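Please consult the sequence and the structure shown here while reading.

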Amino acid sequence: MGNLKLKGKDILKLGYPNNQSVNVALEVMKRNFATKNIHHVKSILKEILLNPENFEKDLTFGQIAESLLSSRKTEKRMLNTQRASFQIFGNNISEEAKNQLYTALKLPISTQGALMPDAHSGYGLPIGGVLAVENAVIPYGVGMDIGCRMSLSILDIPVSYLDGARDKYERALAEHTKFGMYETHKSHIDHEIFERDTFDMIPVLRRLKGKAIKQMGSSGGGNHFVEFGEVEITEEDDQIGLPKGKYLGILSHSGSRGLGAEIAQYYSRVAADQCPLPKEAQQFAWLDLNTHLGLEYWTAMNLAGDYASACHDDIHRRLVKAVGGRVRAKIENHHNFAWKEIHNGKEVIVHRKGATPANVNELGMIPGSMTAKGFIVRGKGNPDALNSASHGAGRAHSRGECRSLFTQNDIKKELKLKKVTLIGGNTEEAPMAYKDIHEVMNAQSELVDILGTFQPRIVRMDK
């Protein structure tokens with residue numbers, strides 16, 4: 001906690017009520033002012049005590065102000081007996097995933113939900129789960145990898161180069177992409193995101209800034225990838241601005257790295273303390289957006305989303321520099337996030353965990369597997385799906401099942417059959433681990449139109 005010799009009795013002497021506000025004040029000041037003079041710290045605390053309403057929106061002191069202004073006890077929330085309205089798209093969805101959504105729909109804040117056809121069970125909200133709530137945000141409804149996204153760059157290079165100069169593209173992926181917890185780039189760009197004062201205003205972010213700088217332009221483990229492949233535009237769209245035909249593309253899938261994971265862990269714990277729920281619903285603990293902690297998480301979540309996007313830009317920049325050419329079009333969409341949206345004439349917070357926005361005319365990229373085609377799509381804005389679509393094919397087998405079901409030899413056969421080169425990867429991400437992407441796309445024809453495809457050719461994943 002640092003060197004600040006502040007004690008609870010010092011805060012009580014300032015006139016603070018003998019309740020939770022003393023603990024909150026102690027924690028906030030030790031966290032933010034560990035090296036400051038105790039008299040200076042006491043003068044700030046006195047000022048907050050005299051005019052707490054002036055500090056309610058302050059990202060550093062808002063929590064103290066809130067605890068002074070509110071004497072509400074933390075009461076256990078009960079679930080509703082009836083579920084909010086919902087729709088399930090697709091048939092090949094486990095009962096466990098459905099039951100996770102059903103529990104979420106009974107939260108007193110829930111207004112509507114949906115399951116995408118790639119859905120499978122997760123932690124809290126299922127992967128492929130969409131949930132709208134009133135004025136609150138659920139950290140486990142967003143997920144651990146905040147702002148995880150797909151990013152597709154379409155280049156002005158003939159697609160035939162992927163065969164003719166295959167070594168060059170394999171080398172570019174091997175040398176210019178970094179994966180997992182330990183690989184980082186030697187040099188880093190000065191991105192504007194690191195100039196944002198948000199990093200200094202929220203203690204958990206201040207601590208993570210160094211890690212975020214170090215991991216910039218890298219990808220996570222698990223199902224994250226960077227690929228060169230063959231883009232085929234089958235329907236012209238003004239937003240893409242390219243004629244029908246085949247193009248060389250770069251496709252990446254990754255999120256907000258250690259920054260997002262630690263934000264998720266910290267605020268999930270905080271939410272569980274603030275919002276006790278029955279055992280079966282504990283993972284749906286929420287933060288009210290009228291509270292300091294809710295505002296703090298919302299701010300941190302948005303920063304993590306922007307950071308994830310910046311990482312993709314850096315990945316694509318490095319690869320384009322390595323292989324040459326220019327970017328003719330770019331398509332990007334993200335999942336594991338919460339959005340403020342209007343549905344049924346009312347503002348709600350829409351959580352999409354492993355599901356992506358598919359508003360009218362919104363472009364997106366839905367991948368298949370390391371060997372299966374992905375699809376470039378345009379949203380239809382289906383209100384029953386809360387204007388959403390799937391984020392991929394979805395798992396047919398858990399990671400544990402994959403380790404016992406498939407071997408490296410099985411993967412090699414599949415790769416050879418589909419003419420795909422894999423750098424890294426493991427049995428947990430075997431092509432056979434995923435649902436049939438064509439079935440998934442057929443199940444969401446009411447949610448998106450297909451504009452084109454992406455066929456992976458050279459794939460890089462964590463080892």
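## Strand β3 and its partners

Within β3, Val130 is the bridge partner of Ala114. Strand β2 (residues 110–120) runs antiparallel to β3, and six bridges join the two; strands pair if DSSP finds at least two bridges between them. Helices (H or I, at least four residues) and strands (E, at least two) are DSSP runs, numbered from the N terminus. Six residues separate β2 from β3 in a hairpin, and Gly124 in its turn has a positive phi of about 80°. The model is predicted: local features need pLDDT of at least 70, side-chain atom pairs count only at pLDDT 80 or more, and totals for chains, interfaces and linings use all residues. Residues are numbered from 1 along each chain as its sequence is written, and side-chain values use heavy atoms, with hydrogens and water left out.

β3 also pairs with strand β11 (residues 346–353), in the antiparallel sense and over five bridges. There, Val130 stands opposite Arg352 of β11. Seven of the seven residues of β3 (residues 127–133) are buried, so this strand is largely enclosed by the rest of the structure. Buried means under 20% relative accessible area, exposed over 50%, and partly exposed in between (1.4 Å probe, protein chains only).

## The five-stranded sheet

β3 belongs to an open sheet of five strands with mixed pairing, in the order β1-β2-β3-β11-β10. β1 (85–88) and β10 stand at the edges with a single partner strand each, so one side of each is left without a neighbour in the sheet. From one strand to the next, the twist averages 20°. Seven bridges link β10 and β11 in the antiparallel sense, and Phe337 stands opposite Arg352 in β11.

Two helices accompany the sheet. α5 lies across β1, β2 and β3, and runs at about 170° to β2. α12 packs on the sheet, where it touches β10 and β11, and its direction makes about 110° with that of β10. Axes are lines fitted to C-alpha atoms, for helices over the stretch in contact, and angles run from 0 to 180 degrees between N-to-C directions. Contact means heavy atoms within 4.5 Å.

## Nonpolar cores

A nonpolar core is a set of buried Ala, Val, Leu, Ile, Met, Phe, Trp, Tyr and Cys residues joined through side-chain atoms within 4.5 Å. The largest has 58 residues, and those with the most contacts inside it are Ile146, Leu205, Leu259, Ile263, Tyr267 and Tyr297. Elements that each supply at least two residues of this core include α5 (95–105), β2, β3 and α12 (292–323). The largest share, 10 residues, comes from α12.

Leaving aside its neighbours within four places in sequence, Leu205 is in contact with Thr198, Phe199, Leu259, Ile263, Ala300 and Leu303. Apart from this core lies another, of 48 residues, among them Leu363, Cys402, Met441 and Phe454.

## Positive phi in two loops

Asn135, in the loop between β3 and β4, has a phi near 50°, a positive value in a residue other than glycine. Its relative accessibility is 34%, so Asn135 counts as partly exposed.

Leu386 lies in the loop between β14 (374–379) and β15 (388–390). Leu386 is not a glycine, yet has a positive phi of about 50°. At 0% relative accessibility, Leu386 counts as buried.
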